[in-house]
Amino acid sequence: LEVHRQVIAEYGNALFRHFQYIGVKLHPDYQHFYVDEERMLPIYEKIASLGLITVFHAGVDIGYPDPVHCTPERLAYILPAFGNAPVVAAHMGGYLCWKDVLRFLAGKALYFDTAFSFSRMPPDWAREIIRTHGTEKILLGSDMPWSATGHEIRFVKSLSLLPEETDAILGGNACRLLHVT
């Protein structure tokens, strides 16, 4: 990570402007860091200063089940480092960590996506997290190729939300986040 820190410090602004990046995906399990490590804070602050969206793989990764590098509690701890820059916690805030999502993340200033929820997340848990967190902060996610987009869309539609809530999750919230009209 030291090399990454140096590159971001020296070239970050120019690189992100040149390539017109809108966000960064971090997968702590694959990138071998805990989300709340102090050494990551300058990276988060730099991403935030560039106004980029940060997407975290959150919760259990079925390929690397233990230890969990991005638990809802750890993620909640570092959210202030992003200021007003958007943060997305994939997998409804933390795959297989639904109780902790409700305890530590629901209602906070971040988005959750629905990636890898179809046939894996009990619908009652999904509805409770959506109601507690706020429909306006839920984004459609597919996690292709592990979960087809069509399955995730059907999952969202099966939750018996109001039509305007379903529409927001299936695209309206993403349009607002990405400033797409």
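Q: How many helices and strands does the chain have?
A: The chain has eight helices and five strands. A helix is a DSSP run of H or I with at least four residues and a strand is a run of E with at least two, numbered from the N terminus. From that end on, the elements run α-β-α-α-β-α-β-α-β-α-β-α-α. This is a predicted model, in which local features need pLDDT of at least 70 and side-chain atom pairs count only at pLDDT 80 or more, while totals for chains, interfaces and linings use all residues. Residues are numbered from 1 along each chain as its sequence is written, and side-chain values use heavy atoms, with hydrogens and water left out.

Q: What makes Tyr95 count as buried?
A: Buried means under 20% relative accessible area, exposed means over 50%, and partly exposed is in between (1.4 Å probe, protein chains only). Tyr95 has 8% relative accessibility, so Tyr95 counts as buried. Trp98, at 9%, is buried as well. Over the chain of 181 residues, buried residues make up 46%.

Q: Which residues of helix α5 are buried?
A: In α5, residues 98-105, they are Trp98, Val101, Leu102, Phe104 and Leu105. These buried residues pack against α4 (72-78), β4 (111-113) and α6. α5 is followed by Gly107, which has a positive phi near 90°.

Q: Why are α5 and α6 called roughly parallel?
A: The axes of the two helices cross at roughly 5° and come within 10 Å. Axes are lines fitted to C-alpha atoms, for helices over the stretch in contact, with angles from 0 to 180 degrees between N-to-C directions. Angles under 35 degrees count as roughly parallel, over 145 as roughly antiparallel, 65 to 115 as roughly perpendicular and the rest as oblique. α5 and α6 are therefore roughly parallel to each other.

Q: Which residues make the contact between α5 and α6?
A: Contact means heavy atoms within 4.5 Å. From α5 come Trp98, Lys99, Val101, Leu102 and Leu105, and from α6 come Trp125, Glu128, Ile129, Thr132 and His133. By class, six are nonpolar, two polar and two charged. Nonpolar covers Ala, Val, Leu, Ile, Met, Phe, Trp, Tyr, Cys and Pro, charged covers Asp, Glu, Lys and Arg, and the others, Gly among them, are polar.

Q: How many aromatic pairs does the structure hold?
A: The structure holds five. Rings of Phe, Tyr and Trp (its six-membered ring) pair if their centres lie within 6.5 Å, and planes under 30 degrees apart count as stacked, over 60 as edge-to-face and the rest as tilted.

Q: Why is the pair of Tyr44 and Phe56 called edge-to-face?
A: The ring centres are 5.6 Å apart and the planes stand at 85°, so the pair is edge-to-face. Tyr44 lies in helix α3 (residues 41-49) and Phe56 in strand β2 (residues 53-56), so the pair ties together parts 12 residues apart in sequence. Both Tyr44 and Phe56 are buried. The pair of Tyr95 and Trp98, with centres 5.9 Å apart and planes at 85°, is edge-to-face too. Ring pairs also link Tyr44, Phe56 and Phe82 into a cluster.

Q: What puts the buried residues of α7 on the same side?
A: In α7, residues 149-157, Glu152, Phe155 and Val156 are buried. They cover an arc of only 95° around the axis, which puts them on the same side of α7. The arc is that of the directions from the helix axis to the C-beta atoms. Their cover includes α6 (123-133) and α8 (163-178).

Q: What makes Val156 count as buried?
A: The relative accessibility of Val156 is 2%, so Val156 counts as buried. Leaving out residues up to four places away in sequence, Val156 touches Thr114, Leu140, Thr166, Ile169 and Leu170.

Q: Is Thr135 buried or exposed?
A: Thr135 has a relative accessible area of 11%, and is therefore buried. Thr135 is found in the loop between α6 and β5 (138-139). Apart from neighbours within four places in sequence, Thr135 is in contact with Ile130, Glu165, Ile169 and Asn173.

Q: Is Ser160 buried or exposed?
A: Ser160 has a relative accessible area of 63%, so Ser160 is exposed. Ser160 sits in the loop between α7 and α8, and its phi is positive, near 55°, in a residue other than glycine. His91 also has a positive phi, near 60°, but at 5% relative accessibility His91 counts as buried. The loop that holds His91 is between β3 (87-89) and α5.
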